[in-house]
Amino acid sequence: YTNYWDQCLPKVRPGGLIVVDNVLWSARVLKPQDKSDHAIVEFNQKVADDSRVEKVMLSVRDGMTLAIKK
C-alpha cells in the first residue's frame with residue numbers, strides 16, 4: 001500500500017480523491033502479528049501524517065480511507 005501511495009499521490013490533481021480499501025484488515029491492525037498486518041499499520045500512519053491530503057478513515061467492513069489531495 002505504501003508504495004502505491006507514493007506513486008499515485010503525485011499523479012492526482014488537487015481536489016482529486018483517493019480511496020483505499022481494507023485499511024482495518026478485519027481489525028487485525030489493532031493487534032498486528034503478521035507482516036501484512038504491520039504493513040497496513042505502517043500505511044495508515046503514513047496517510048495520517050501526510051499533510052498533502054485531507055483524510056478520513058471509515059469503519060465500513062474492513063475499513064476504507066478517503067483522501068482528498070490539497
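Okay, let's start with Val47: beyond its neighbours within four places in sequence, it is in contact with Trp5, Lys55 and Thr65, contact being heavy atoms within 4.5 Å. Quick housekeeping: this is a predicted model, where local features need pLDDT of at least 70 and side-chain atom pairs count only at pLDDT 80 or more, while totals for chains, interfaces and linings use all residues. Residues are numbered from 1 along each chain as its sequence is written, and side-chain values use heavy atoms, with hydrogens and water left out.

Back to Val47. It belongs to the largest nonpolar core, which has 10 residues, including Trp5, Ile18, Val20 and Phe43. E1 and H2 each supply at least two residues of that core. By core I mean buried Ala, Val, Leu, Ile, Met, Phe, Trp, Tyr and Cys residues joined through side-chain atoms within 4.5 Å. Buried is under 20% relative accessible area, exposed over 50%, partly exposed in between (1.4 Å probe, protein chains only).

Now, Asp37. This one sits in helix H2, residues 35-49; helices are DSSP runs (H or I, at least four residues) and strands likewise (E, at least two), numbered from the N terminus. Asp37 counts as buried because its relative accessibility is 2%. A polar atom of its side chain lies 3.1 Å from the backbone nitrogen of Gln33.

Definitions and conventions:
Polar contact = N/O pair within 3.5 Å; in protein donor to acceptor, adjacent residues only side chain to side chain.
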